[in-house]
Amino acid sequence: MSSERGKDFAEGSSSSPTDHHHQQQNQQSSSSATPSRYESQKRRDWNTFGQYLKNQRPPVPLSQCNCNHVLDFLRYLDQFGKTKVHLQGCMFFGQPEPPAPCTCPLRQAWGSLDALIGRLRAAYEENGGSPETNPFASGAIRVYLREVRECQAKARGIPYKKKKKKTNQSKGNDESSSTIQFS
């Protein structure tokens, strides 16, 4: 694979909240002849991953692909990243907006990798792969993504807090509730 193709792939992986909204709208109107942006990106990602496997020495058939190949692919993509990830010894480590440039590496953003894995996971099954053998659905991939998210959040000084699930509000009037209600 040429580095230009990889670069195009890496740059095309990012999305914003508005992109997600458009993806949902486009998925609903997928009966039209042109594929949605999401479908086009998914096909591009799938083809790029297939090319990555073919370029391995020796080439890896898709039927023998496992989560280690996926992890290697994600690490390979880091060279095309645009997200500055400060290293532990950097004087800007933990600063969301550093005042000056530094030599810390650029990496793929966690959100881009997470979205990429979602598209590849779907593409694998759409192309005949079994959900039970889907290398993109492996626990090792989830662990890797969680580590990338935490590392990037810490390096940029942005705490990542897991969103709490909303509880049933009708329990608030119960005497056994330990929450204080303001009236």
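**A walk through the predicted fold**

Leu-120 lies in helix 5, where helices (H or I, at least four residues) and strands (E, at least two) are DSSP runs numbered from the N terminus. This is a predicted model, in which local features need pLDDT of at least 70 and side-chain atom pairs count only at pLDDT 80 or more, whereas totals for chains, interfaces and linings use all residues. Residues are numbered from 1 along each chain as its sequence is written, and side-chain values use heavy atoms, with hydrogens and water left out.

The protein contains six helices and two strands, and from the N terminus on its elements follow the order α-α-α-α-β-β-α-α. Of its 183 residues, 31% are buried, a word that here means under 20% relative accessible area, with exposed meaning over 50% and partly exposed in between (1.4 Å probe, protein chains only). Among contacts (heavy atoms within 4.5 Å) between residues at least 6 apart in sequence, 64% join residues at least 24 apart.

Leu-120 counts as buried because its relative accessible area is 0%. Not counting residues up to four places away in sequence, Leu-120 touches Asp-45, Trp-46, Phe-49, Phe-73 and Phe-136.

Helix 3 (residues 37-54) and helix 5 (residues 110-126) pack at an angle of about 80°, with their axes 9 Å apart; the axes are lines fitted to C-alpha atoms, for helices over the stretch in contact, and angles run from 0 to 180 degrees between N-to-C directions. Helix 3 is therefore roughly perpendicular to helix 5, since angles of 65 to 115 degrees count as roughly perpendicular, under 35 as roughly parallel, over 145 as roughly antiparallel and the rest as oblique.

From here the reader can turn to the core. The largest nonpolar core has 24 residues, and those with the most contacts inside it are Phe-49, Val-70 and Phe-136; such a core is a set of buried Ala, Val, Leu, Ile, Met, Phe, Trp, Tyr and Cys residues joined through side-chain atoms within 4.5 Å. Helix 3, helix 4 (67-77), helix 5 and helix 6 (139-156) each supply at least two residues of this core. Leaving aside its neighbours within four places in sequence, Phe-49 is in contact with Leu-62, Cys-65, His-69, Val-70, Phe-73, Leu-120 and Phe-136.

Cys-65, one of those partners of Phe-49, is buried because its relative accessible area is 8%. A search of the whole structure finds zero disulfides, a disulfide being a pair of cysteine sulfur atoms within 2.5 Å. For Cys-65 the nearest cysteine sulfur, that of Cys-67, is 8.8 Å away, while the sulfur of Cys-90 is 3.6 Å from the closest cysteine sulfur, in Cys-104, and therefore too far for a bond.

Two further places complete the tour. The peptide bond from Arg-57 to Pro-58 is cis, with omega near -5°, and Pro-58 is found in the loop between helix 3 and helix 4. Thr-83, in strand 1 (residues 83-84), counts as buried because its relative accessibility is 17%.
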